[in-house]
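Hi there,

Here is the structure I promised to pass on to you. Please open it next to this email and follow along as you read.

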Amino acid sequence: MNFVFDLDGTTVFHAQRMHDDIKDGLLALQSNGGKLYFATARPLRDTLPVLPECFWHHPIIGCNGAMFSEHKAVVSAHSFEPKQITTLLTWLDNHEIAYLFDGHWQYAISNKPHHFHQHVAELGIPPGSNEQLRHEPIVKLLVLEDEHHERVKEVCEQTLSSFEIYHHNGHHCFDLVPARSNKLTALLELGLDMQQTVCFGNDVNDIAMLEAARQAYVVGEQITPNCDYVQLTQETVAQTLHQLANNLCA
């Protein structure tokens, strides 16, 4: 059986490293034959600091499906058309809207400061040169001021040939990624049979994979997928993982 886990708000909380009780539950699943996958909005660079090293070699879907990594390395990634994304970045600069964009490993930040820039830098890697990195493949653009959503979306429709937007509940920001970049599509590209797959998530970017899964588990009350699901709290995640592990060997 396949098991797919979102990170933030599902198995990782308050942007801190995964708690040992959840790690132990995941290891129990693995020991009893479960195949573990992780699917997150984070790029690989920001995933490794919160994921225990025992899981670093696992398949990791990042950037909401635009990036696939394994064995601590990016294997493949979708990226924006270079001239189009550069035009959008210039527009954001001219309108003084804060952002952060991700390449395969490095990232760059807007000239306009934002407290999230410091949070990412504290994970261990300082930003690279905006001018240089905007001419290399860009996998995800995080716009850090949600109040500009409608204006940015209009410019995207005029500038980008295709894109997806993901808002995150409880955060005043949104992601832009290349079209057809979502967690479900990435799982299918990996060849997973969703009827043999259990998915855990908590946010809107998890809904598609939750609705396609054999069994869905939703942590918290931020989303209501259009499928049967088991609702969990932060406090019941680890216990549920151990119960599932025991069921595998029953």
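**Aromatic rings**

Phenylalanine 38 and phenylalanine 55 are both buried (buried means under 20% relative accessible area, exposed over 50%, and partly exposed in between, with a 1.4 Å probe and protein chains only). Before we go on, please note that this is a predicted model, where local features need pLDDT of at least 70, side-chain atom pairs count only at pLDDT 80 or more, and totals for chains, interfaces and linings use all residues. Residues are numbered from 1 along each chain as its sequence is written, and side-chain values use heavy atoms, with hydrogens and water left out.

Searching the whole structure gives 5 aromatic pairs. Rings of Phe, Tyr and Trp (its six-membered ring) pair if their centres lie within 6.5 Å; planes under 30 degrees apart count as stacked, over 60 as edge-to-face, and the rest as tilted. The pair of phenylalanine 38 and phenylalanine 55 is tilted, because the ring centres are 5.5 Å apart and the planes are at 50°. This pair links distant parts of the chain, 17 residues apart: phenylalanine 38 is in strand β2 (residues 35-39), and phenylalanine 55 is in the loop between α2 (44-47) and β3 (60-62). Helices (H or I, at least four residues) and strands (E, at least two) are DSSP runs, numbered from the N terminus.

Tyrosine 99 and phenylalanine 101 have ring centres 6.3 Å apart and planes at 20°, so this pair is stacked. Tyrosine 99 is buried because its relative accessibility is 0%, and phenylalanine 101 is buried at 1%. Ring pairs also join Phe5, Phe38, Phe55, Phe200 and Tyr217 into a cluster.

**Two helices**

How do α3 and α6 pack? Helix α3 (residues 82-94) and helix α6 (residues 149-159) have axes 10 Å apart, at an angle of about 150°. Axes are lines fitted to C-alpha atoms, for helices over the stretch in contact, and angles run from 0 to 180 degrees between N-to-C directions. That makes α3 roughly antiparallel to α6 (under 35 degrees is roughly parallel, over 145 roughly antiparallel, 65 to 115 roughly perpendicular, and the rest oblique). Among the residues making the contact are Trp91 of α3 and Cys156 of α6, where contact means heavy atoms within 4.5 Å.

**A buried aspartate**

Aspartate 206 lies in the loop between β11 (197-201) and α8 (207-212). Is aspartate 206 buried or exposed? Aspartate 206 is buried, because its relative accessible area is 0%. Not counting residues up to four places away in sequence, aspartate 206 touches Asp6, Lys183 and Gly201.

Enjoy exploring!
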